[in-house]
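Student: I have a new structure to look through with you. Can we take it step by step?

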Amino acid sequence: MIRGLRPLLRGSTYSGMLFAYCGALASLPLLPFALLPTLAWPSAPYGVQAVLVLLVWAALIGSVGLARTTRRALIAFARQLLRVPLPAPAAVPSGADRWRTPLWLVLHVALGWTGALTSGVLVLMGIAIPGGWLRAEAGLSLFGRSLRSDGGWHSWVVALCCLLLAAVVCVVVTSVLRWLAPRLLGPSSAERLALMAEREQRLAERNRLAHELHDSIGHTLTATTIQAAVAGEVLSADPVAARAALRSIEESARAALEDLDYVLGVLREEKAETAPTRTLADLPDLLDRLRHAGAVLDVELSGKPAQVQGTLSRAAYRILQEGLTNALRHGTGGPIGVRVAAAPDGLELGVVNGAGAGMRTGAGVFRTSGHGLPGLAERVRLLHGEIEVGPDGPRHWRLAVRLPVRGSA
């Protein structure tokens, strides 16, 4: 128990009492203004005048807390001296929360003066009693027992008790301030909800960026690896095909760099440019790059996929990109079936490929993080769609997605 009290007595209690004393001293300049009502009503009883001065003084102290800068300064001092972890205050506190800072100031000053006067008197008694400077009989009553100082060792016992009580007062005042600080200087319920909403928004944005980065960079690395292998194989026999594969690598890398620059700008909280948008209108370019990589595609388009707009079109492109990337990674080299059917009430997407050993066991040529399919499922769920993924017969793997059309923007 003594070991647990040592950090409290050595650190936060001393700095906490300094914080309380500073609050008491800072209120002194307002005291002359609080005495003005007594000058206007000199005939009032002394008790009434004292109560009136205290009320006016408290009102003046509380009015200082209405300034926004006051709350920020108090939070900064409470962090350093009270050692209380307090978040930054809201830029514009709501009207229901404005009273908390004035109340804190009033209680801070009251506790500061109470602690200063009480501990000061006790310390003075602890110093004066042993030397007989008070020239009077002094005593201490506790739990029905009295201990009076009449000289000798009794005076030293009373002095020690006074000093211990002064220390207890300091601990109590500091503990009360530390208990009050999170409740009056900390975020209110409305501010907590705002902070939680802001944090959820940041997490959602980072999650979205992670999906974009996974889809774009993962696809590009897979495609460029295969394209580089194709270019190396046909470099001597078919220079035209090799140049086409290298040109496709250049185009894929440039598109991935655009996505990467945007994501890094957002993560660094810089003013990033408009996010590069890939929609179903860019699907032909994606399919061409896959063909340059040596993939055999069986494409079936129905309706008008290029006319699908907004979030639905962007999500559909990323879903097809991820599905085709998985087909390149784990397929057996056979034809890859791609199906896009746009209807007035929904959009159907499908990717079917020959499933190699890597797809069944997860131990193919390309190592995967395992985030691709869960990311697809989450993206589809956010759009209130349906997803089916798994074996389609003994030799094929099928990805089927249906997204409803709900006026996506």
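Student: Which residue forms a salt bridge with Arg339?

Tutor: Glu300 does, with the closest N and O atoms 4.0 Å apart. A salt bridge here is a side-chain nitrogen of Lys or Arg within 4 Å of a carboxyl oxygen of Asp or Glu. One note first: this is a predicted model, where local features need pLDDT of at least 70, side-chain atom pairs count only at pLDDT 80 or more, and totals for chains, interfaces and linings use all residues. Residues are numbered from 1 along each chain as its sequence is written, and side-chain values use heavy atoms, with hydrogens and water left out.

Student: Where do Arg339 and Glu300 sit?

Tutor: Arg339 is in strand E4 and Glu300 in strand E3 (residues 297-302). They are 39 residues apart, so the pair links distant parts of the chain. Helices (H or I, at least four residues) and strands (E, at least two) are DSSP runs, numbered from the N terminus.

Student: Which residues are linked in a network of salt bridges?

Tutor: Glu300, Arg339, Asp345, Glu348 and Arg402.

Student: And how many salt bridges does the count come to?

Tutor: Six, by this rule. One of them joins Arg291 and Asp288, whose closest N and O atoms are 3.3 Å apart. Both lie in helix H10, three residues apart, about one turn of the helix. Arg291 is partly exposed at 40%, and Asp288 is partly exposed at 35%.

Student: What does Glu388 meet in a salt bridge?

Tutor: The side chain of Arg398, at 3.3 Å, N to O. Glu388 is in strand E6 (residues 386-391) and Arg398 is in strand E7, ten residues apart. Arg398 is partly exposed, with a relative accessible area of 32%.

Student: How do E6 and E7 run?

Tutor: They run antiparallel, joined by six bridges. Two strands pair if DSSP finds at least two bridges between them. E6 and E7 form a hairpin with four residues between them. Gly393, in the turn, has a positive phi of about 90°. Pro391 stands opposite Trp397 in E7.

Student: New topic. Which residues touch the most other members of the largest nonpolar core?

Tutor: Leu324, Ile336, Leu347, Leu349 and Leu403, out of 29 residues. A nonpolar core is a set of buried Ala, Val, Leu, Ile, Met, Phe, Trp, Tyr and Cys residues joined through side-chain atoms within 4.5 Å.

Student: Which element gives the most to this core?

Tutor: H11, with nine residues.

Student: What does Leu349 touch?

Tutor: Its contacts (heavy atoms within 4.5 Å) include Ala316, Ile319, Leu320 and Arg339. Residues up to four places away in sequence are not counted. There is also a second, separate core of 27 residues, which includes Ala34, Val109, Leu122 and Ala166.

Student: Last one. Where is Arg100 found?

Tutor: In helix H6 (residues 100-131). Arg100 counts as buried, at 5% relative accessibility. The side chain of Arg100 reaches the backbone oxygen of Gly186 at 2.7 Å. Arg100 also touches Arg71, Arg183 and Glu191, among others.

Definitions and conventions: Buried means under 20% relative accessible area, exposed over 50%, partly exposed in between (1.4 Å probe, protein chains only). A polar contact is a pair of N or O atoms within 3.5 Å; within protein, one must be able to donate a hydrogen and the other to accept it, and residues adjacent in sequence count only if both atoms are side-chain atoms.
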